[in-house]
Structures are given as structure tokens and as C-alpha cells.
Amino acid sequence: MVLFEVNHHVSTEPPYSMVNYTYEVTTMETIQIAPEVRFSRIVQGLWRLKNWNFDTIQTVNFLHRCIELGVTTFDTAEIYGDYGVEEEIGKALLWDPTLRSKIQLVTKTGINMKSPSKSYRIGHYDTRYDKIIESCKQSIAKMNCEYIDLYLIHREDPLIDHDEVARALNDLKAMGLIKAYGCSNFDPFKFEALQSACGNNLATNQIEMSPVCFEHFDSGMMDVLQKHHTPPMIWSPLAGGLLFTSNEPMYVKVRRKLEEIALRHKTSPETIVYAWLLYLPVKAIPISGSSSVERLSAAIAAFDVRLSHEEWYEIYLASGQQRLR
Ligand SMILES: NC(=O)c1ccc[n+]([C@@H]2O[C@H](COP(=O)([O-])OP(=O)(O)OC[C@H]3O[C@@H](n4cnc5c(N)ncnc54)[C@H](OP(=O)(O)O)[C@@H]3O)[C@@H](O)[C@H]2O)c1
């Protein structure tokens with residue numbers, strides 16, 4: 001059992017008070033997302049890794065601390081950190097080769113982003129066969145990881161050829177370079193189209209969701225995912241931190257509600273957000289984007305919170321964006 005103390009600002013009662021929460025970290029749930037791939041139910045995102053200014057040893061230590069908490073799955077993408085995050089992961093895996101067998105790596109392809117290191121005149125999508133194959137080989141080389149556990153098409157591409165994408169992904173699998181594949185930010189129609197070309201083998205759709213972001217409830221994506229028994233990975237569960245930092249009325253309303261419910265459950269508002277996501281029947285896999293292991297442990301503490309059905313709806317309605325008909 002690991003205990004973490006987290007200092008948390010409660011902003012409902014000025015002057016702001018500090019509350020100490022102690023998290024008893026329970027055993028991490030895991031989830032089978034493909035025949036050969038099992039993920040930790042909470043994933044650590046590395047999008048912001050370059051902003052953390054970690055040196056390689058700090059990255060290695062960070063990965064180990066996540067693993068100690070049971071968070072063994074890490075999310076990145078070719079373009080993260082201006083094409084630099086995969087390289088940082090690679091340096092960590094080179095520094096400590098024991099890491100590879102302890103973790104699962106998720107990365108993404110399909111975006112050609114304007115960058116000083118690239119010659120693209122404009123940012124655009126590219127999901128052609130050669131791009132997917134080359135990009136995957138480069139990601140593996142940069143990460144020194146031999147294979148990728150889950151490979152995702154990062155965004156919808158108006159020029160997508162579903163059969164060509166399916167062929168590329170299946171070829172990568174046959175070559176042993178990836179263990180499973182899926183997509184990210186696809187709407188229900190686009191998901192179904194790719195799913196059908198891929199013989200129902202999409203392992204996930206990685207989508208944005210939080211108490212201020214409901215696009216995928218409204219589009220029917222959650223229902224399509226349930227139909228396929230496909231767990232979504234959830235990005236920006238805390239709206240990139242805005243849930244706790246923004247003074248815009250929508251965020252403040254949600255924050256107050258989260259704080260109220262957190263007090264009831266004697267936990268932190270962050271934990272309540274994760275409990276809200278884990279409550280979904282679709283078996284969502286939230287990706288924490290924090291650089292702080294204490295904040296990651298707040299996410300894990302959500303396994304111990306039992307929200308009531310009504311509390312789930314209180315949060316669903318708090319921002320004022322969703323109405324019950
Ligand atoms: N598929 C896609 O298109 C896509 C898009 C975006 C992201 N992603 C993935 O999803 C992961 C998570 O996204 P995210 O980073 O936006 O997740 P997030 O967990 O919603 O946001 C993380 C950010 O919020 C801050 N934060 C957390 N709790 C806070 C608090 N109580 N007060 C103030 N700031 C707080 C963190 O700062 P600290 O570091 O200081 O804690 C960090 O900057 C990414 O790393 C990436 O892997 C995927």
C-alpha cells in the first residue's frame with residue numbers, strides 16, 4: 001500500500017484554504033484492450049513531457065514511480081513536443097532497458113505538423129500507406145522500443161482511404177511492429193467506416209472527454225463504442241487543468257460542484273472527475289496528463305469512490321452545457 005499526501009486548494013470559501021488529503025492507493029485495475037494487450041485502467045500521458053524539462057534520469061524515475069502505482073501504460077504521439085517526446089522516451093528506455101518489458105506504449109501517426117525540423121509548407125493529415133509504415137518505424141527507432149503496443153491514427157483525415165489504412169495497420173501487425181491498433185478523435189460515422197475496413201479490430205478510439213466536454217456523448221460515439229465493446233481512452237480528463245485554474249464561469253460552476261461532491265466523499269475534486277469517468281458503462285480509460293505523481297495518485301484514488309447515480313448527473317449538468325430532455 002502506498003500513501004501520498006496531496007495539498008489541495010479549495011476555492012469555494014475565500015480566503016482559500018489548504019486541505020491535506022491522504023490517498024491510499026489501491027491495486028490498479030487493468031483492462032484487456034486487444035488479445036495480446038492489457039493496459040492499466042489509468043494511463044499516463046506524455047504530451048507535455050518536453051515542458052517538464054526533465055533530464056533523462058528524471059524521466060526514468062518518473063516512469064518508475066508511475067509503474068510503482070500500477071500505471072504501466074504511457075501515451076504519446078509522433079508529433080508531441082514538436083516531434084521530440086518519443087526521443088525522450090527512447091533515451092529513458094536506453095538508460096534503463098528493464099523498463100520496456102514493464103510498460104505498454106501507445107503512439108499515434110497521421111499528422112504532418114509544421115515544424116522547424118520538417119519541410120511541410122502547411123500542417124496537414126497524411127494517412128497514406130507509406131506514411132503509416134514509415135512513421136511507425138521511425139517511432140520505434142526513436143523510442144528504442146522494438147514494438148508499439150497500440151498504434152493510433154491520430155485524427156480524422158478527409159482523404160482517408162479506409163482499406164489502405166487497414167492494410168498498413170495489418171501489415172505492421174504482421175511484421176510484429178505493433179500489437180494492436182485503433183484511432184483517435186473519430187466521430188461515429190468515421191469510426192464505423194474504419195472499423196468495418198479493419199474487420200472490427202480497432203482497439204480504441206482515443207477521445208476528449210471531461211465535465212466540460214461532451215462532444216462524444218452528443219455524437220453517439222459512446223454508444224457506438226459500447227456496441228463494439230471497445231473501451232475509449234479519454235484525453236484531457238481535467239480539461240488540461242482548466243477545471244482547476246480557469247475563472248471562466250463555466251469552469252467555476254463545475255469546480256464548485258466537484259468540490260461539493262469531493263467534500264461529501266472526503267476526497268479531492270480531481271479524484272471525483274476520474275470517478276465520474278470510471279462510472280461510465282463503456283469502461284473508459286482516462287489518461288492523466290500531469291507531471292505530478294501525487295496528482296496521478298489522486299486519479300487512482302477514484303477506484304475507491306462510489307459516486308451515486310444522482311451525483312454523476314449533477315456533474316454532467318454542472319457546466320450548463322447539457323440538458324435533460
Ligand atoms: N489523442 C489526442 O488528440 C490527444 C490530445 C490531447 C492529449 N492527449 C493525451 O492525453 C493526455 C492527457 O491530456 P492532458 O494533459 O490535457 O490531461 P489533463 O490531465 O486534463 O491536464 C493535465 C494538465 O493539467 C494540469 N493540472 C492537473 N491538475 C491540476 C490542478 N489541480 N491544478 C492546476 N493544474 C492542474 C497539469 O499540470 P501539472 O503537470 O502541474 O500537474 C497539466 O498541465 C496527454 O498527455 C496526451 O497523452 C491526446
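The model is a predicted one. I will start with the whole chain. There are 13 helices and 14 strands in it. The C-alpha atoms fill a box of roughly 55 × 50 × 40 Å along the principal axes. For 325 residues, a compact globule would have a radius of gyration near 20 Å, and the chain has 20 Å, so the two agree.

Some totals next. Of the 325 residues, 57% count as buried. The accessible surface comes to about 14900 Å², and carbon and sulfur atoms account for 51% of that. If you take the contacts between residues at least 6 apart in sequence, 71% of them join residues at least 24 apart.

Now the barrel. How many strands close into it, and in which order? Eight strands do, and the order is β5-β6-β7-β10-β11-β12-β13-β14, with parallel pairing. On average, neighbouring strands of this sheet are turned by 30 degrees against each other, ignoring direction. As a reminder, strands of a sheet pair through backbone hydrogen bonds, either parallel or antiparallel.

Let me go through some of the pairings. β5, residues 43-45, and β14, residues 285-288, run parallel and are joined by two bridges. There, V43 has I287 in β14 as its bridge partner.

The bridge partner of V106 in β10 is L150. Then β10 pairs with β11, again parallel, over five bridges. In that case L152 has G182 in β11 as its bridge partner. β11 in turn pairs with β12 in the parallel sense, over three bridges, and C183 has N205 in β12 as its bridge partner.

Are these strands covered or open? β10 is mostly covered, with six of its six residues buried. β12, residues 202-208, is also mostly covered, and six of its seven residues are buried.

On to the helices. Helix α5, residues 162-174, lies across β10 and β11. Its direction is at about 155 degrees to β11.

Helix α3 covers residues 85-95, and its buried residues are V85, E86, E88, I89, G90, A92 and L93. What covers them? The cover includes α1 (56-68), α2 (80-83), β7 (104-109) and α4 (129-143).

In soluble globular proteins, nonpolar side chains tend to be buried together. Here the largest nonpolar core has 90 residues, and those with the most contacts inside it are I42, F217, W276 and L280. Helix α11, residues 269-278, gives the largest share of this core, seven residues. Another core lies apart from it, with 14 residues, among them I33, A180, A203 and I287. You will recall I287 as the bridge partner of V43.

To look at one of the core residues in detail, take L280. Which residues is L280 in contact with, leaving aside its neighbours within four places in sequence? They are M209, F217, M222 and W312. F217 is itself on the list of residues with the most contacts inside the largest core.

In sequence, V293 and W52 are 241 residues apart, while in space they are 13 Å apart, C-alpha to C-alpha.

The other two are asparagines with a positive phi. N53 is in the loop between β5 and α1. Its phi is about 55 degrees, although N53 is not a glycine. N144 is in the loop between α4 and β10, and its phi is near 50 degrees, again a positive value in a residue other than glycine.

Are they buried or exposed? N53 is at 65% relative accessibility, over the 50% cut-off, so it counts as exposed. N144 is at 36%, between the 20% and 50% limits, so N144 counts as partly exposed.

That is the end of the talk.

Definitions and conventions
Residues are numbered from 1 along each chain as its sequence is written. This is a predicted model: local features need pLDDT of at least 70, side-chain atom pairs count only at pLDDT 80 or more; totals for chains, interfaces and linings use all residues. Side-chain values use heavy atoms; hydrogens and water are left out. Two strands pair if DSSP finds at least two bridges between them. Helices (H or I, at least four residues) and strands (E, at least two) are DSSP runs, numbered from the N terminus. Axes are lines fitted to C-alpha atoms, for helices over the stretch in contact, and angles run from 0 to 180 degrees between N-to-C directions. Contact means heavy atoms within 4.5 Å. The radius of gyration is taken over C-alpha atoms; the globule rule is 2.2 Å times the number of residues to the power 0.38. Buried means under 20% relative accessible area, exposed over 50%, partly exposed in between (1.4 Å probe, protein chains only). Accessible areas come from the Shrake-Rupley method with a 1.4 Å probe; for residues, only the protein chains shown count as cover. A nonpolar core is a set of buried Ala, Val, Leu, Ile, Met, Phe, Trp, Tyr and Cys residues joined through side-chain atoms within 4.5 Å.
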